[in-house]
Amino acid sequence: MKKIAIAIDGPAGAGKSTVSKALAQRLGYVYLDTGAMYRALTCELLRRGIAPDEEAKVCAAVQNLTVELKNDRDKTIVTVNDRDVTDHIRRPEVSARVSQVAAYGCVRQHLVKEQQRLAENGGIVMDGRDIGTVVLPRAELKVFLTASVEERARRRLVQWNEKHPDEPQTMTQIVQNIQERDRKDTERAISPLRQAEDAILLDTTSLTREETIDALTAMVKKVTA
């Protein structure tokens, strides 16, 4: 069976990373979480005390940062200049600022080139905000994955509480974060979040994880038949 490039886009909390990684495992493909790459850069900038609104400083710092993702069984290890930041990239302070960092042309250019290089030979599942529209416009399968704000917030709350039981967040806080993230992602000047014209819309509000993966698998089979 021909190995293709699969682009999965959608808003924050839609479950893109979870189902994309599971789909890649099922197909024997490589999984690349582009959102984690932007989060990793944001995390490192904050660690260095560089404010996300200082574009010149952000651009200067990013040129010397190398982000790598390694799939280790059921976990993706994220490093910046060989420093493991996996457990820090989902923190609230990173979530609140990653859209601003990702909006800078210098940041996107730096990471998009690497993402395109990795997808040249197919056999890859890539998820993010602009994969089907900018990064992989010629991907054989494009999917726009979404869910209601409330469902996305519920999923994020469960995920957060599992990883950070001693740092509880409220549903209200997460809903507000997601709504603000959606606004920033859709209104940014460079590569805004939008559904590619040839992407298939998949609303997962009422779907389980397995049902979503099954639906995606069926799409792949149809394209590669």
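Helix α2 (residues 34–47) packs against helix α6 (residues 105–118) at an angle of about 140 degrees, and the two axes lie 11 Å apart. This is a predicted model. One disulfide is counted.

**Helix α2 and helix α6**

- Two packed helices are described by the angle between their axes and the distance between the axes.
- Angles over 145 degrees count as roughly antiparallel, 65 to 115 as roughly perpendicular, and those under 35 as roughly parallel, with the rest oblique; α2 and α6 are therefore oblique to each other.
- The crossing in which α2 passes α6 is right-handed.
- On the α2 side the contact is made by Thr34, Met37, Tyr38 and Leu41, and on the α6 side by Val107, Arg108, Leu111, Val112 and Gln115.
- Sorted by class, this contact of α2 with α6 has six nonpolar residues, two polar and one charged.

**Helix α8 and helix α9**

- Helix α8 (residues 149–163) and helix α9 (residues 171–187) cross at roughly 120 degrees, and their axes come within 9 Å.
- That angle makes α8 oblique to α9.
- α8 passes α9 in a crossing that is right-handed.
- From α8, the residues Val149, Glu150, Arg152, Ala153, Arg154, Arg156 and Leu157 meet Met171, Ile174, Val175, Ile178, Gln179 and Asp182 of α9.
- The contact of α8 with α9 has seven nonpolar, five charged and one polar residues.

**Helix α1 and helix α10**

- The axes of α1 and helix α10 (residues 209–224) cross at roughly 55 degrees and come within 10 Å.
- α1 and α10 are therefore oblique to each other, and their crossing is right-handed.
- In α1, the residues Thr18, Val19, Ala22, Leu23, Arg26 and Leu27 take part, and they meet Arg209, Glu210, Thr212, Ile213, Asp214, Leu216, Thr217 and Val220 in α10.
- By class, the contact of α1 with α10 has seven nonpolar, four charged and three polar residues.

- Strands of a sheet pair through backbone hydrogen bonds, either parallel or antiparallel.
- Four bridges join β2 and strand β6 (residues 124–128) in the parallel sense, and Leu32 has Met126 in β6 as its bridge partner.

- β3 and strand β4 (residues 75–80) run antiparallel and are joined by six bridges.
- Glu68 has Thr79 in β4 as its bridge partner.
- Asn71 stands opposite Thr76 in β4.
- β4 and β5 also run antiparallel, joined by two bridges, and Val80 has Arg83 in β5 as its bridge partner.
- β4 and β5 form a hairpin with two residues between them, and Asn81 in the turn has a positive phi of about 50 degrees.

**The disulfide**

- A disulfide is a covalent bond between the sulfur atoms of two cysteines.
- Here Cys59 is joined to Cys106, with an S to S distance of 2.0 Å.
- The link of Cys59 and Cys106 is left-handed, with -80 degrees about the S-S bond.
- Cys59 lies in helix α3 (residues 55–62) and Cys106 in helix α6, so the pair ties together parts that are 47 residues apart in sequence.

How values were computed: Residues are numbered from 1 along each chain as its sequence is written. This is a predicted model: local features need pLDDT of at least 70, side-chain atom pairs count only at pLDDT 80 or more; totals for chains, interfaces and linings use all residues. Side-chain values use heavy atoms; hydrogens and water are left out. Axes are lines fitted to C-alpha atoms, for helices over the stretch in contact, and angles run from 0 to 180 degrees between N-to-C directions. A crossing is left-handed if the near helix is turned anticlockwise from the far one by less than a right angle, and right-handed if clockwise. Contact means heavy atoms within 4.5 Å. Ala, Val, Leu, Ile, Met, Phe, Trp, Tyr, Cys and Pro count as nonpolar, Asp, Glu, Lys and Arg as charged, and the others, Gly among them, as polar. Two strands pair if DSSP finds at least two bridges between them. A disulfide is a pair of cysteine sulfur atoms within 2.5 Å.
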